[in-house]
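Subject: Structure handed over, with notes on what was found

Dear colleague,

Please find the structure below, with my notes after it.

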Protein chains: 2
Amino acid sequence: MSEDLFLKIIKREIPAEIIFENDRVLAFRDINPQAPLHVLVIPKQHIRTINDITPEQDAVLGEMFRAAAQIATAEGYRDEGYRVVMNCGERAGQSVFHIHLHLLAGRDLGWPPG
Amino acid sequence: MSEDLFLKIIKREIPAEIIFENDRVLAFRDINPQAPLHVLVIPKQHIRTINDITPEQDAVLGEMFRAAAQIATAEGYRDEGYRVVMNCGERAGQSVFHIHLHLLAGRDLGWPPG
């Protein structure tokens, strides 16, 4: 797999079902959904893992969370609730090394979270 | 339960095992840990849910993620990996209405995440 599959999605070099976009953030449906709503929210700038976030990149994390809330609202899950998850490293399940926030909703979400 | 149990932890009105603090972020061990490392990272400012994050609050989300990375590093999980999770609303499991990022590490973390 490409080191950064998601940059190809941002550049429309490979297809994805994009449901949100602004200057800094993009969101598209997960191709292997784990819930009725399962979307990946990514920054357009390349950030490899959570370990690599710099202070200059702080705000884009908030933008990703606000995009998740906006998508959850648009899809009818604002009040029912939703979960956001980010994995760091292969043991936690990170398979693409460009940070991505999983947004899941539409079913009971158990605890622990994996 | 208090509307904002976590403000009481910030003010040291109730005890918690605090392991990270700066001017804007606090982190302490979850009292019901779901992994060898299970920490809650919170903003000191009150934000009720993900739905309530304003653009002015964007940067504190990044600070919370960098605090999570710093804690994971200090606890020896930087390279092995870790997962961060935030719940929004009761159906997703949010029980305290002050946003908190769960940081989990130290075991295999399955998929789906709950």
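With which residue does Arg91(A) form a salt bridge, and how far apart are the closest N and O atoms? The partner of Arg91(A) is Asp108(B), and the closest N and O atoms are 2.8 Å apart. A salt bridge here is a side-chain nitrogen of Lys or Arg within 4 Å of a carboxyl oxygen of Asp or Glu. Side chains of opposite charge can pair when their charged atoms come close.

Before going further, please note that this is a predicted model, in which local features need pLDDT of at least 70 and side-chain atom pairs count only at pLDDT 80 or more, while totals for chains, interfaces and linings use all residues. Residues are numbered from 1 along each chain as its sequence is written, chains are lettered from A and ligands numbered from 1 in the order in which they are written, and side-chain values use heavy atoms, with hydrogens and water left out.

As for confidence, chain A averages a pLDDT of 95, and 97% of its residues score at least 70, where pLDDT is the predictor's confidence in each residue, on a scale from 0 to 100. For the complex, the predictor gives an ipTM of 0.96 and a pTM of 0.96.

The two chains

Chain A is superposed on chain B by a rotation of 180° with 0.0 Å of shift along its axis, at an RMSD of 0.0 Å (copies are superposed by least squares on the C-alpha atoms of residues with pLDDT of at least 70 in both). The two copies are therefore related as by a two-fold rotation axis. The same surface serves both copies, since 100% of the contact residues of chain A recur in chain B, contact meaning heavy atoms within 4.5 Å.

The contact takes 39 residues from chain A and 39 residues from chain B. About 3800 Å² is buried between the two chains, and carbon and sulfur atoms give 54% of that area; buried area is the accessible area (1.4 Å probe) that two parts lose on being put together, summed over both. Phe65(A), Arg91(A) and Trp111(A) supply 18% of the area that chain A buries against chain B, more than any other three residues.

One salt bridge joins the side chains of Glu17(A) and Arg29(A), at 3.0 Å from N to O. This pair links distant parts of the chain, with Glu17(A) in the loop between helix 1 (5-10) and strand 1 of chain A and Arg29(A) in strand 2 of chain A, 12 residues apart.

The sheet

An open sheet of 10 strands, with antiparallel pairing, has the order 1(A)-2(A)-3(A)-5(A)-4(A)-4(B)-5(B)-3(B)-2(B)-1(B). Helices (H or I, at least four residues) and strands (E, at least two) are DSSP runs, numbered from the N terminus, and two strands pair if DSSP finds at least two bridges between them. The edge strands are strand 1 (18-21) of chain A and strand 1 (18-21) of chain B, each of which pairs on one side only. From one strand to the next, the twist averages 20° (axes are lines fitted to C-alpha atoms, for helices over the stretch in contact, and angles run from 0 to 180 degrees between N-to-C directions).

Strand 4 (residues 82-88) of chain A and strand 4 (residues 82-88) of chain B run antiparallel and are joined by 7 bridges, with Tyr82(A) standing opposite Cys88(B). In chain B, strand 1 and strand 2 form a hairpin with 3 residues between them, and in strand 2 the bridge partner of Ile18(B) is Phe28(B).

Backbone details

A cis peptide bond joins Trp111(A) and Pro112(A), with omega about 10°, and Pro112(A) lies in the segment after strand 5 of chain A. Arg12(A), although not a glycine, has a positive phi of about 60°.
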